[in-house]
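I opened a new page for this structure.

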Amino acid sequence: MGRFKKKKPRRDKETGQERFRIDDRVVSKEEVLAEGVRLSDHVDDHGRLLYMDSPALGLGQVATGIDPDTGTLQTTEGEDPMPVALFEPARAMMARLPDSEPTEIQVEGAIMAGLRRFPRGIADLRTIPGWALHRLADDQLELRSADGGIYSRIAIPSSPDWYSAALHHRYVLCFYGPQLGVRTPPESAPEQYTDAKRLEEFRTARGRGLVAGGIIAYRNNR
């Protein structure tokens, strides 16, 4: 399955012109369709491996239940932390209807294929039937949709502890979107892009509806 699905034209209420953007540049529908075809064949994205309690995500621990005697929320604290994989496409493809918030076409495609939007505030993270995260023989990670198609692939430095945690949990929390705090902004040096700044970008993207995610079954193909 490719990332791009043909969408109904979105037109400006006053001018009748369609509104599409690629990398914040206004483009025509034809350019969007051409870029969509290219992206369907190009699934290599930027990525990062973290854990759920990373300060760059601000998610805390996995809740496992509530103590019936005290009412205290129970978490996985003390156990291996839940592994997280971030998939950040190099280009954003934005579309906007008049009087509505902009959407990102690749994120919307992921949601249409089964992932769930991950907004600010209360978010419903759950296992995504059919989707799988495959570790390949060369340590690349492929995020595959329910039909077996590759939605995104990342090449990251080997991380034995992270792989061990993924094997332990058998699932990985995966996020997909163009602003997850993976890439260092052009105007910043790597050491300047702190966890606090990565967290700010991630939260901003969540607030704009630009993050899709879910708990994905892990497959070790080594």
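My entries follow in the order I looked things up.

**Whole chain.** I noted first that this is a predicted model. I counted the secondary structure of the protein chain and got 4 helices and 14 strands. The chain has 222 residues, and 43% of them are buried. I then looked up contacts with a separation of 6 or more, and found that 69% of them join residues 24 or more positions apart.

**Strand S13.** I turned to residues 171-176, which form strand S13. Of its 6 residues, 5 are buried, so the strand is largely enclosed by the rest of the structure. I checked its partners next. Strand S6 (residues 83-88) pairs with S13 in the parallel sense, over 4 bridges. Here I found Ala85 opposite Cys174. Strand S14 (residues 212-220) runs antiparallel to S13, and 6 bridges join the two. In that pairing, Phe175 has Gly213 as its bridge partner.

**Trp131.** I located Trp131 in strand S10, which covers residues 127-135. Is Trp131 buried or exposed? Its relative accessible area is 2%, and buried means under 20%, so Trp131 is buried. I listed its contacts, leaving out residues up to four places away in sequence; among them are Ala110, Leu115, Tyr151 and Ile216. Leu143 is also in contact with Trp131. These two residues are 12 apart along the chain, and their C-alpha atoms are separated by 7.5 Å. Last, I noted that the Trp131 side chain reaches the backbone oxygen of Ala113 at 3.0 Å.

Notes
Residues are numbered from 1 along each chain as its sequence is written. This is a predicted model: local features need pLDDT of at least 70, side-chain atom pairs count only at pLDDT 80 or more; totals for chains, interfaces and linings use all residues. Side-chain values use heavy atoms; hydrogens and water are left out. Buried means under 20% relative accessible area, exposed over 50%, partly exposed in between (1.4 Å probe, protein chains only). Contact means heavy atoms within 4.5 Å. A polar contact is a pair of N or O atoms within 3.5 Å; within protein, one must be able to donate a hydrogen and the other to accept it, and residues adjacent in sequence count only if both atoms are side-chain atoms. Two strands pair if DSSP finds at least two bridges between them.
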